[in-house]
Amino acid sequence: MSQYMDPGSDGYNDVRPTFFIAQHDSTRSETLSEFQYGQVLNAGFGFVTTPITNENFHKRIVNLLKAFSLGTKNNDQAGSIPDPVVPPLTIEDTTLFPGTYTSGLVAYASPWIDLCSPNHVVSSISRQVLNLEISYANFCGVRSVVVPGPKQDAADAGSSQGITQYARAIKETLSIGTRVNIIIHIPMYREPGLEDKVALLSLDEDANETALEGRDIDLFSAWDSWHVIRSVCEYDARLFVALKIPRVLPEKELQTRWFSEPLQYLTLSPQAFQSNKAGRPCLSRYHQAMIFTYMRLKHAPYFLLCDAGPELQAGPNNDVAVAPEPMADFPSLAEAATQQNADSGHAAPPGRNLYAAYLRHLERQQEPLNDLEQTTLTNFQDWLQSPLQPLSDNLESMTYEVFEGDPVKYYQYEMAIAAALRDWSAQGKPTSAPGGEVVIAVAGSGRGPLVTRALRASQSTGVPVKVWAVEKNPNAYVYLLRQNQIEWGGRVTVVKTDMRAWKGPPVSLDPPVHGKVDILVSELLGSFGDNELSPECLDGIQHVLAPGHGISIPASYTAHVSPIATPRLYTNIRQRASAGGPDAHAFDTPWVVRLFALDFVAQRGVPGRPRFQQAWEFAHPLPRATLDAVEARRAGGVAGGGGGSMAGAVGANDHNARHCHLTFVCRSRGVIHGLAGYFESVLYESAGTGASAGAEDGKVELSILPENIDRKSKDMISWFPIFFPLKEPLYFPPDTELEVSMWRQTDDAKVWYEWMVEAYMWVGPSQRVKVGGSNLCSSRKVACLL
């Protein structure tokens, strides 16, 4: 919860993301003493950075380089001289030692090293210095080390070698510092005039003069460099970003790109701030909106205030103390109240740093987390879940309870059932019950939430019903019997069987005669619509549906995809796959996940090429001709033996196979790690317009598609998206078309997906060239069993 809030104020009990604020001084060359550390904490900071080595070590390295340079000039065989070796640290080289508060410090590597230098001697010495510092920080118990990022980018002419050198050096540090996180300090983009002014280690005095003025700004060049670094480091889970926030924010596309990356810090210098009317620092509303968005992450970044104070001055006994605020007479209570009212609302308390105080003020301005975010949504951010296999597994009560916690879904189902009952009555359709009641079967009843909604719909419409609850789970069957006794008053007939084996409501026992069902209700939909075998299940029970006028709820559902960048998920899946065991096929698994830290790489608003595109559709009930063809294949009555489309199968489920080929347009260069999958469903479409309350065009719908969920089923949480990962990230240049091919495959015993992505660029009015592509990915090894 936010700090410094008046307990009597509105919203005191609201929960908001917490700001953790660190202080960094780029001129600091010594580790703070415990007393100094306490002074910085009292100024409003939570923790501080510390240099690993001091100025004495810097001078030793400069002298080492000078001595080597002089030696090569005086040697005719300079090329045969080995590179100098950096000597070990001594007590004169550092003031960082293991201590009680060392784990609360963030180490900052020497900013003067130049890992990108084209001079191999300079780059070698720089790499050795970094390795020494990382190793020593690791020994001292420091948990994180910030490493200054490269000063130029891979996209700059002649700089790609330097970025590769830098990336290789960072990978080496990850093997040396086995217990520390490595954080690359890199700008959001190269904002002119705000470059670091630190003189780099060099043999050439003019080598540090890098002018960026007058050059076109490549907004994605810094991200490009980061991508090279983390790719060389194989998406190591201990590699993070400290992102420098510029004074002028770039377009949203770049902000979203960085949002998807593993952010550890948002770093702010005084140059990023403006001044308000009272002369105090503040951020533009665009900066505020971006920060509020970033802070919604489950692992929200910390803040690092760079060179923003507090100022330090020499104290007695060579100690250092925080410079005191100008002293004044204590005001009276009336004067204090007047001053408080005159403040802008984020004045710093006495001794507090103005920049840190403003961030605390900003912390209180965040929209509070709603109940769903607190209890469910935040916890499930980017958390991988294996898809359910309801046909082969019996779910636990807790799983059902999670489903039942979504009132939106069941409200929509109730509206659909009510609309169907009203239409049934208005159209005077015949019913399948001898007493004239509409027969409703809930297939896969679970613990009975849809049964309850069916009874409510009957009550609200005044249409009498007979309800059958069909459930294969023997444990859930017991619970349904209890619900029928306690909640439903014995109005429901509970049947324990696989829905595909159910013959329908019995009309007579001798001889056995079974009737039909008028409305068939199911909640078998998965995150991709069909990924939990809804088509196969509903095909198997369709024989009980009244021919001609029987209704299926849902009536249809569509699957939708979009290519995305999600580095955190890729890192997670990579770790799982390399660990082996039950997750050995992690890259073959379509994961159910609440996608959050992601970047949709496809461009919006392209005619005929939207960001989210439909892959395929299923509709129920099936036409009679399709069912007859399926039965003929099962019976072997197809010419040629009924070999089917897959080896060893008769092809009885081929009508549920699907294929799509989609094209997405990407304006900016980027990378994709997989495909995000969503679904939409029409539960029921009323025959009369407006017959269903709250529905558009007479349709009662469900949607988890980002562009439509708020319009069709706002606040619904029963389904998270599905993620189809690529085994290797696919990088693509600007103005690329991504071609996505997907298949839903079946061999009559199981169902699986296959997917592939290819990148093309136009090189002429009628010619494209392929610039990249993924392997064909398949979930056959983890297929859903029928």
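Modeller: Helices (H or I, at least four residues) and strands (E, at least two) are DSSP runs, numbered from the N terminus. This is a predicted model in which local features need pLDDT of at least 70 and side-chain atom pairs count only at pLDDT 80 or more, while totals for chains, interfaces and linings use all residues. Residues are numbered from 1 along each chain as its sequence is written, and side-chain values use heavy atoms, with hydrogens and water left out.

Biologist: Which strands does helix H5 lie across?

Modeller: The idea rests on contact, meaning heavy atoms within 4.5 Å, and on axes, which are lines fitted to C-alpha atoms, for helices over the stretch in contact, with angles from 0 to 180 degrees between N-to-C directions. Here helix H5 (residues 221-232) lies across strand E5 (181-187) and strand E6 (239-244). Relative to E5, helix H5 runs at about 160°.

Biologist: In what order do the eight strands close into a barrel?

Modeller: Strands of a sheet pair through backbone hydrogen bonds, either parallel or antiparallel. Two strands are said to pair if DSSP finds at least two bridges between them. In this model the barrel order is E1-E2-E3-E4-E5-E6-E7-E10, with parallel pairing. From one strand to the next, the twist averages 30°. Strand E1 (residues 21-24) pairs with strand E10 (residues 302-306) in the parallel sense over four bridges. Within that pair, Ile21 has Phe303 of E10 as its bridge partner.

Biologist: Where is Asn54 found, and is Asn54 buried or exposed?

Modeller: Buried means under 20% relative accessible area, exposed over 50%, and partly exposed in between (1.4 Å probe, protein chains only). Asn54 is in the loop between strand E2 (47-51) and helix H2 (55-73). With a relative accessible area of 7%, Asn54 is buried. Setting aside residues up to four places away in sequence, Asn54 touches Ser29, Glu30, Glu92, Asp93 and Thr94. Of these, Glu30 is 24 residues from Asn54 in sequence, yet the C-alpha atoms are 5.9 Å apart in space.

Biologist: What unit do E18, H15 and E19 make?

Modeller: A crossover is right-handed if, with the strands pointing away from the viewer, the path from the first strand over the helix to the second runs clockwise. E18, H15 and E19 make a right-handed β-α-β unit. E18 and strand E19 (residues 551-553) pair in the parallel sense over three bridges, and Ile519 has Ile551 as its bridge partner in E19. Strand E13 (residues 438-443) also runs parallel to E18, joined to E18 by four bridges. There Val442 stands opposite Val521 of E18.

Biologist: Which residues cover the two faces of E18, and how many residues of H15 are buried?

Modeller: Ile519 and Val521 on one side of E18, and Leu520 and Ser522 on the other, are all buried. Eight of the eight residues of H15 are buried, so H15 is largely enclosed by the rest of the structure. Among them are Cys537, Leu538 and Ile541.

Biologist: Which residues have a positive phi, and where is a cis peptide bond found?

Modeller: Most residues other than glycine have a negative phi, and most peptide bonds are trans. Leu533 has a phi near 65°; Leu533 is in the loop between E18 and H15 and is buried at 3% relative accessibility. Asp735 has a positive phi of about 55°. Asp735 lies in the loop between strand E27 (722-732) and strand E28 (736-746) and is exposed, with a relative accessible area of 53%. A cis peptide bond joins Ile553 and Pro554, with omega about 15°, and another joins His620 and Pro621, with omega about 0°. Pro554 is in the loop between E19 and strand E20 (556-565). Pro621 is in the loop between strand E23 (613-619) and helix H17 (624-634).

Biologist: How many disulfides does the structure hold?

Modeller: A disulfide is taken as a pair of cysteine sulfur atoms within 2.5 Å. The structure holds zero disulfides. Cys282 is buried at 12% relative accessibility, and Cys777 is buried at 1%.
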